[in-house]
Amino acid sequence: MPKSMSRETTGDARSQLDQLKREAGSPTSAVGWAYGGETPDADVLYVSGVSGTVADPSGALDRALRVYRITGTEPADAGPLGGEARCGQGRTENGRYMTICGWADVETLGVVGFTSARQQADRTADFHAVRSALVQPAA
């Protein structure tokens, strides 16, 4: 998906960064961006994440996911990077289908959101791919 240049779309991804940064103490890096959304029916991928020291990964993940309009979250496979992961589904304010997945470990915290005009299948593999692209272990 191409990087979105829409202020509204990228603003949604960046809006949660302040909360994620607080959860990571003194963050060492942060990202907040959106991809896709070129047309009203196009799928959008939102990414927000930080690295630093996450003192309470489970609590931080709870707080990070609480702001989304999802009916609940279920534990998800955190993938090869480990930690704790959860995903949930819901609808956006404008009625789009939404899948939100978040992860937390002692060094990183992030949220990946997928929105679409169509119902979504399982997005676990996509979540793993995005997280892997974002999180690069320290050498």
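Analyst: Here is a short chat about this protein, starting with the overall picture; keep in mind that the model is predicted.

User: OK, how many helices and strands does the protein have?
Analyst: The protein has four helices and six strands. Starting at the N terminus, the order is α-α-β-β-α-β-β-β-β-α.

User: And how compact is the protein?
Analyst: Its radius of gyration is 14 Å, close to the 14 Å that the globule rule gives for 139 residues, so the protein is as compact as a globular protein of that length. Of those 139 residues, 47% count as buried.

User: Let's zoom in on strand 6. Is strand 6 mostly covered or mostly exposed?
Analyst: Mostly covered: nine of its nine residues, 108-116, are buried. That goes for both faces, with Val112 and Phe114 among the buried residues on one side and Leu109 and Val111 among those on the other.

User: Which way do strand 2 and strand 6 run?
Analyst: Strand 2 (residues 44-51) and strand 6 run antiparallel, joined by eight bridges. Leu45, for instance, has Phe114 in strand 6 as its bridge partner.

User: What about strand 5?
Analyst: Strand 5 (residues 97-104) also runs antiparallel to strand 6, with eight bridges joining them. Trp103 stands opposite Gly110 of strand 6. Strands 5 and 6 form a hairpin, with three residues between them.

User: Switching to helix 3, which residues are buried there?
Analyst: In helix 3 (residues 57-66), the buried ones are Pro57, Gly59, Ala60, Leu61, Ala64 and Leu65.

User: What covers them?
Analyst: The cover includes helix 2, strand 4, strand 5 and strand 6.

How values were computed:
Residues are numbered from 1 along each chain as its sequence is written. This is a predicted model: local features need pLDDT of at least 70, side-chain atom pairs count only at pLDDT 80 or more; totals for chains, interfaces and linings use all residues. Side-chain values use heavy atoms; hydrogens and water are left out. Buried means under 20% relative accessible area, exposed over 50%, partly exposed in between (1.4 Å probe, protein chains only). Helices (H or I, at least four residues) and strands (E, at least two) are DSSP runs, numbered from the N terminus. Two strands pair if DSSP finds at least two bridges between them. Contact means heavy atoms within 4.5 Å. The radius of gyration is taken over C-alpha atoms; the globule rule is 2.2 Å times the number of residues to the power 0.38.
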